[in-house]
Amino acid sequence: MTDLTRYRNIGIFAHVDAGKTTTTERILKLTGKIHKIGEVHDGAATTDFMEQEQERGITIQSAATSCTWDDHRLNIIDTPGHVDFTIEVYRSLKVLDGGVGVFCGSGGVEPQSETNWRYANESEVARIIFVNKLDRIGADFYRVIAQVKDILAATPLVLTLPIGVEDEFVGVVDVLTREAFVWDDSNTPEAFEVKPVPEDMVDKVEEYREILIETVIEQDDDLMESYLEGEEPSIEDIKRCIRKGTIALDFFPTLCGSAFKNKGVQNVLNAVIDYLPNPTEVKPQPEIDLEGNETGKTVIVDADAPLRALAFKIMDDRYGALTFTRIYSGSLKKGDNVLNTFTGKTERIGRIVEMHADSRLELDSAQAGDIIALLGMKNTKTGHTLCDPNNPATLEPMVFPDPVISMAVSPKDKAGAEKMGIALSKMVQEDPSFYVVTDEESGETIMKGMGELHLDIKVDILRRTHGVDVAVGRPQVAYRETITKLVDDTYTHKKQTGGAGQFAKIDYTIEPGEVGSGYEFESKVSGGNVPREYWAAVEKAFGQSMAEGTLAGFPLLDVKVTLTDGSYHPVDSSAIAYELAARAAYRQSIPKAAPQLLEPVMKVDVFTPDDHVGDVIGDLNRRRGMIKSQEAGATGVRVKADCPLAEMFGYIGDLRTMTSGRGQFSMEFSHYSPCPANVAEEVITEVREAKKASA
């Protein structure tokens, strides 16, 4: 069995363009996993293997790879930085034991860094910080350290200091060992010398060393007592305390360098080994029952325990669907049968592979602590638990945010319709933040996602990867109608032809119902004026008529119809006659009942930095939003409001502009509310003109 203390499951996350993928590339080169470095800007990075990633120079989906450093196995996930693909970071953090937060030396703590940091806090993932790009103009290590404290409300534990800045950046000083690592100009990662600390940095190194020791000895009372008595702890004791505090999230070891110039990456790898937890040191995963309640049991990371594994990502490639899986306990072999607790069905493990970006290595087995991909899993989706059929248990599933933007998509020809359906179903399986629904009213296929770039990439994948030529447009807001006045009315349906005629007379009341009541029907007819067998025909006809309002043809909500009286003919009356009478009565009476247009109102939750709260609230007010609450947090303010959906199109772009890209929001349907007269008039006119044009 593999020694789990020599495993490190880590993720690399940061704001877009802070250098995550470049850092991953340097790690792979240093560990001997690759022999030639590929650059992001050339579209040649190992972990950016999608066409769209290579063209745009951004990471779109998380990529997994493995390597070895100092006799330790590293499973690494390189995650995207763009806000639209935050879901990839979230689901990666869910299965990782530790993380490396990369910050740009000149950009500092940028918007997406905050979001990722928040996710990592929620997932309780231990992290180290790497301040990258110190060779860039405007880079300032000490400013970034201050931002980590102020913006992230975190405690950085500085382990290395930069020697020189911008184009004079040549290396780093290890604060703990008081050694300077200086690289030559060859840009080779191994081309460095260990030298004494430069004279002009001695005082600064001592100052930061004192802060480091005073911070970490709080992890050990005996060491603290000795230190207060004037005895300095050994380097081994300090490292032990750093590890303990890092795993407890008390502070975050902070290093610096330039991944692109191959400076300082070895120190990061050493810190990963020294300070980030192995699978046995993280908080155990709780087991839950089928209702989602915790059972009180936890998963013990042990290869001999019953199997517990979480599928955290589905990826479709040329060989079929790959199910990325983190094994928490037990082991897996090719040909094993495993139980999926979500579906209640067993599935056979076809093949087990270790991923290196888009290439793979076949394995016969895998065990607790491993992150692998499985082939041949037909019914397993993101967030499903795979376990021992004889010892079932469920792990806490993943909860994904709802999409915030949608667009209509349609194939340009009939031949593309089936291809589009198959392609969309594969894309939905791969990405839990991507939804596809069919609008029942318009028949349009609506794609929903986390942002405009997210949907733009999906359309690009449809066109290029799946060969479906599609037209895209904006979906319409789903308005509704209701009435505001009670109407007492009567209607007689009489039709005489050569033989038997048709006769039905109904007296009725139409009135506004309770909010959310839908359509209600009641009969108060007495004395058999309308025979009981015809009441159902009247109820059905009114109910079906509600599907189309008289203002603009939108469905009618919250209406109560009461049948009060009427009359019938022993020969000419029939169910069909009463149905026709009710349909005509609906068209006659609804316009008299002061119909009103209703619009969908969304529950909006906006996260903004403190200095942009006024702008965000002002903008929501302009969008006819009703502010419900404000909650201050460590890194910003959450503003909750109710806003009409019609005013929220394009909001994500406006919010990012207002907050310098740092704002985030989520949105879900709340209720229907009356439209202001001017908005209603505009919508009704638009609908009527569209109907005229199509006629």
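Predicted model: local features only at pLDDT ≥ 70, side-chain atom pairs only at ≥ 80, totals over all residues.
Local features were required to have pLDDT of at least 70 and side-chain atom pairs pLDDT 80 or more, whereas totals for chains, interfaces and linings use all residues. Residues are numbered from 1 along each chain as its sequence is written, and side-chain values use heavy atoms, with hydrogens and water left out.

Rings of Phe, Tyr and Trp (its six-membered ring) were paired if their centres lie within 6.5 Å, with planes under 30 degrees apart classed as stacked, over 60 as edge-to-face and the rest as tilted. Nine aromatic pairs were counted by this rule. W117 and F252 form an edge-to-face pair, at 4.8 Å centre to centre and 65° between the planes. Because W117 belongs to helix α4 (residues 111–123) and F252 to strand β11, this pair ties together parts that are 135 residues apart in sequence. Both W117 and F252 are buried (under 20% relative accessible area; exposed is over 50%, and partly exposed in between, with a 1.4 Å probe and protein chains only). F103, W117 and F252 are linked into a cluster by ring pairs.

The pair of Y142 and Y208 is tilted, because the ring centres are 6.0 Å apart and the planes lie at 45°. Y142 is located in helix α5 (residues 141–152) and Y208 in helix α6 (residues 202–216), so the pair connects parts 66 residues apart in sequence. Y142 is partly exposed at 28% relative accessibility, whereas Y208 is buried at 15%.

D250 is placed in the loop between α8 (235–247) and β11 (252–256), and is partly exposed, with a relative accessible area of 40%.

Terms used. Helix = DSSP H or I, 4+ residues; strand = E, 2+ residues; numbered from the N terminus.
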